[in-house]
Amino acid sequence: MAPAEGELMNLHPLSGHEAIRRALAASHHREELPTALLLHGPPGVGKQRLALWIGQLLLCEARGEAGPCDACKSCRLQLRLEHPDFHWFLPLKRPSVTGGSERLDDALEEARWERLEEIRASPLHASVHEEPRGLYLGTVRNLRRRVQRRPSTGTRQVFLVAEAELLAAQESSAEAGNALLKSLEEPPEGTSFILTSNEPERLLPTIRSRSVQVHIAGLTGEEVEHFLTTVAEVEEETAKKAASLAQGSIGRAMGFVPGESGQEAPLDDLRRKAFRLVRAAIAPRPGERFLRSLDFPPAGGRGLGETLSFVESWLRDLAVVALGDPDSVLNSDARAGLEELVTRGRIRPELIPESLHAVDRARMLAAGNVNPQLIVHGLLHDLARSLTVEAP
Ligand SMILES: [Zn+2]
């Protein structure tokens, strides 16, 4: 799968979403495609890949009713992520620079190019973000500078703002959002915007109302598995397991595929970490809850989200096992461990809903950037109290 040195890799083919693609292509053919689209839906279902396809559609030199031609110079450039008039802005770790806003803007632009270079080299690589990332005011300033420039090849330019809800996660959120809004409100002729978001309700209402919203649904388990075996060349057994854990998301499924040189799959690592948390809450060794919380960094709570989702899936599995239906667990490879934990912890299924509330509370704290160690410690305490018969 890795490209040979110097070889450029093409984007993987877009899977699914056929009805939406047909509608978008037809609308573009009639020259009625909105200048600002907001693609929203669950994480990892291919929103950014679809946005790249829409970019290709808009920039294709041989516009037809059926969508982009895949053959013209524009299409070829876009499939290699090298089209000079397609600008992909995505959340990044904040660079540590001192000095004025110009220095920060330059550093952000440099970090963006580095990230795009990584994606070009390995477009299928799964990324797990445990570190806080954002779309900063500086990012939007850079975007606005590009909007003001003329397209370099034709008459159109396309801007993709990925995970747009992360505009709202910053201190200067309103400022960054409003700056983007200005571009959306008065785009120069031939300029299109595509926003993607997992949580559109976190966007400024004014941004939502300036764009046409398109819901992107998850793929079926079979579609995910098919993608993994055919496009990503994943072995059948691994693909089956990854698809079963993926919840309709190719991005998520890729996170359950081990690295080429045998490194653990990034999401599997988090899934195990989450299981250890649940185990520490239910049947702790002395001091274990405290020690487990030290596994988490003292800052940057946002990255906890993925771990908390796994804690939730383990708790649901415990309920399923406690109800006597172990065949229905989501984490089917861990059935024995779950059964053991239910017996040892004397888990009663009616106690699970309260424990899920504890996860929700932790999630809210994480969104507010509370110290992750404190969040995890509190969560383990709450889980222990809600799940065990004798209060600890
Ligand atoms: Zn084309």
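A residue is called buried if 20 or more other C-beta atoms lie within 10 Å of its own, exposed if 12 or fewer do, and partly exposed in between, the C-beta atoms being placed from the backbone. By that rule I54 is buried, since 24 other C-beta atoms lie within 10 Å. The structure is a predicted model, in which local features need pLDDT of at least 70 and side-chain atom pairs count only at pLDDT 80 or more, while totals for chains, interfaces and linings use all residues. Residues are numbered from 1 along each chain as its sequence is written.

The protein as a whole comes first. Its secondary structure comes to 16 helices and 5 strands, where helices (H or I, at least four residues) and strands (E, at least two) are DSSP runs, numbered from the N terminus. The C-alpha trace spans about 70 × 50 × 40 Å along its principal axes. The radius of gyration of the protein is 23 Å, which agrees with the value near 21 Å that a compact globule of 392 residues would have; this radius is taken over C-alpha atoms, and the globule rule is 2.2 Å times the number of residues to the power 0.38. Of the 392 residues, 37% are buried. Two residues are in contact if their C-beta atoms, placed from the backbone, lie within 7 Å, and among contacts between residues at least 6 apart in sequence, 73% join residues at least 24 apart.

I54 has its place in helix α2 (residues 47-59), and, leaving aside neighbours within four places in sequence, I54 is in contact with L24, L37 and I194. I54 and L24 are 30 residues apart in sequence, and their C-alpha atoms are 7.8 Å apart in space. H40, in strand β1 (residues 36-40), is buried as well, with 22 other C-beta atoms within 10 Å. With neighbours within four places again left aside, H40 is in contact with S197, P200, Q213, H215 and I216. H40 and E201 are 161 residues apart in sequence and 9.9 Å apart from C-alpha to C-alpha.

The helices can be followed in pairs. Axes are lines fitted to C-alpha atoms, for helices over the stretch in contact, and angles run from 0 to 180 degrees between N-to-C directions. Helix α11 (residues 266-282) and helix α16 (residues 372-387) pack at an angle of about 55 degrees with their axes 8 Å apart, and α11 and α16 are therefore oblique to each other. Angles under 35 degrees count as roughly parallel, over 145 as roughly antiparallel, 65 to 115 as roughly perpendicular and the rest as oblique. On the α11 side the contact is made by L277, A280, A281 and I282, and on the α16 side by V376, L380, L383, A384 and L387.

Helix α13 (residues 305-322) and helix α15 (residues 352-367) have axes that come within 10 Å and cross at roughly 180 degrees, so α13 and α15 are roughly antiparallel to each other.

Two loop residues remain. L81, in the loop between α3 (73-79) and β2 (86-89), has a positive phi of about 60 degrees although it is not a glycine. Q247, in the loop between α9 (236-245) and α10 (250-254), is likewise a residue other than glycine with a positive phi, near 50 degrees.
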